[in-house]
Amino acid sequence: MSGPTSGFHLNLSLMTPGHFRQAWRLPHADPLAYLDIDYFQRLARIAEAAKIDAVFLGDGPALRGEIAEAPGTGIDPLVLLGSVAAVTEHLGVVITSSTTYNSPYNLARRFQALDHVTKGRAAVNIVTTGTPAAAANFGLDAHPARETRYQRAWEFLDVVTKLWDSWDADWLVADKASGRYADPDRIHRIDHEGEFFSVAGPLPVPPGPQGRPVVVQAGGSEGGLRLAGDFADVVFTVAQTRERAVAFREEIRRRAVAAGRGPDAVKVSLGVVVLVAATEEQARRRERELYDLLPIERLTANLLANLGLPAGSFGPDDPIAVGDLPESIPAETFSTGFSESARALIAAGPRTPREVIERGAGGSGHRLLVGTPEQVADDLQQWFDAGAADGFTIMPAETAVDLENFATGVVPILQRRGLFQRVYRDRTLRARLGLPVARRQRGEIAESA
């Protein structure tokens with residue numbers, strides 16, 4: 001096993017009202033905070049004051065049925081996080097975008113532009129979209145199958161990275177005497193012809209300060225792992241057990257090497273839902289308040305479906321043993337990573353759906369970490385030292401409360417221990433994450449594994 005040898009990165013999720021989606025029901029909560037740009041800019045300033053590397057926002061191109069009981073994803077993240085970047089100087093922005101419901105040229109151009117505008121703080125979180133309702137929003141009769149979505153995503157990122165590399169570093173002439181501005185021979189068409197896309201290129205502007213914006217990817221299926229090894233700079237993942245997290249990080253490093261990259265070319269960011277309070281008693285009280293708001297029957301049904309178990313086969317308080325699970329994860333499972341994480345938890349000992357849901361922060365799937373600032377810092381350090389991750393994406397249980405509690409309570413402890421930066425030493429997000437400047441050599445074509 002190869003464990004990290006230096007400090008870790010920290011990203012903060014801005015998902016509102018929090019990763020307990022029913023947190024809007026708490027007496028002090030603003031049900032419309034997820035539409036309030038002043039609220040998000042305030043959180044961003046708190047994050048930057050704590051020297052957080054980047055803020056993140058999940059998204060999907062469809063309104064899901066859960067709107068009946070909780071807010072949706074809200075404002076388009078490119079617009080929202082663009083406004084956040086405008087009021088900060090160092091904070092990176094990780095913006096979720098779908099390869100299934102976008103074109104590679106438009107996405108490559110937008111994020112190249114964002115990298116210039118933010119002076120090297122742009123990152124794109126690539127998803128394939130698991131919500132079938134999205135299809136009708138884009139004129140499709142049916143949502144593409146998982147395998148097709150990942151095949152398209154691979155070619156999509158192949159095109160995007162070619163476009164980002166379509167200008168050579170020495171393109172500029174700027175000879176005022178002759179009037180020659182650029183050398184066209186240093187700006188290249190990509191002339192991509194593939195199964196899903198036909199794109200000529202090049203982009204209309206040169207690379208930004210990072211060379212390429214940072215590519216973040218999440219997905220535990222074979223298609224997701226292939227994308228991670230071939231293209232990702234950062235992999236966002238889920239794990240309920242330390243052993244699974246360590247094994248996943250080692251697999252990502254192996255995939256990177258198999259793709260001709262170094263093992264440190266891809267960083268693993270482990271999602272952790274955090275609830276922080278001044279005392280353990282206060283933290284446990286808040287935890288119980290959030291548990292009491294959970295729509296446990298619906299969440300139990302979702303969990304059974306994700307595990308491949310028949311509807312109604314287990315009630316919220318009926319223990320599920322590893323022998324009850326199907327041998328393999330069903331192809332129609334919404335999230336392979338979440339399903340594998342829940343299976344690993346059940347493999348360690350029988351668990352009721354309620355226990356799995358509560359430990360997974362009310363159905364988010366990510367591990368819930370509850371405690372005082374010292375307890376939370378201890379836990380993150382233990383997982384990091386074990387080689388479970390290169391850093392963490394902190395997902396506040398109740399964003400309006402736990403983001404600030406983490407930034408002002410936990411981060412100073414991590415800084416005192418030498419685990420997290422006290423100052424922004426590098427201008428770009430890519431440099432801060434310890435990532436190489438990725439660039440494809442002219443004529444090099446990525447090949448399918």
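How far apart should the ends of helix α4 (residues 146–164) be at 1.5 Å a residue, and how far apart are its end C-alpha atoms?

Tutor: The model is predicted, so local features need pLDDT of at least 70 and side-chain atom pairs count only at pLDDT 80 or more, while totals for chains, interfaces and linings use all residues. Residues are numbered from 1 along each chain as its sequence is written, and side-chain values use heavy atoms, with hydrogens and water left out.

Helix α4 has 19 residues and should span 27 Å; the expected span is 1.5 Å times one less than the number of residues. Its end C-alpha atoms are 27 Å apart, which agrees. A helix here is a DSSP run of H or I with at least four residues, numbered from the N terminus.

Next, the domains, whose bounds come from an automatic or database domain assignment. Domain 1 covers 9–167 + 194–280 + 364–433, and domain 2 covers 295–360. In domain 1, 19 residues are in contact (heavy atoms within 4.5 Å) with 16 residues of domain 2. The area buried between the two domains is about 1,500 Å², meaning the accessible area (1.4 Å probe) that both parts lose on being put together, summed over both. Carbon and sulfur atoms give 47% of that area. Arg146, Gln240 and Arg244 supply 37% of what domain 1 buries against domain 2, more than any other three residues.

Notes. Helices (H or I, at least four residues) and strands (E, at least two) are DSSP runs, numbered from the N terminus.
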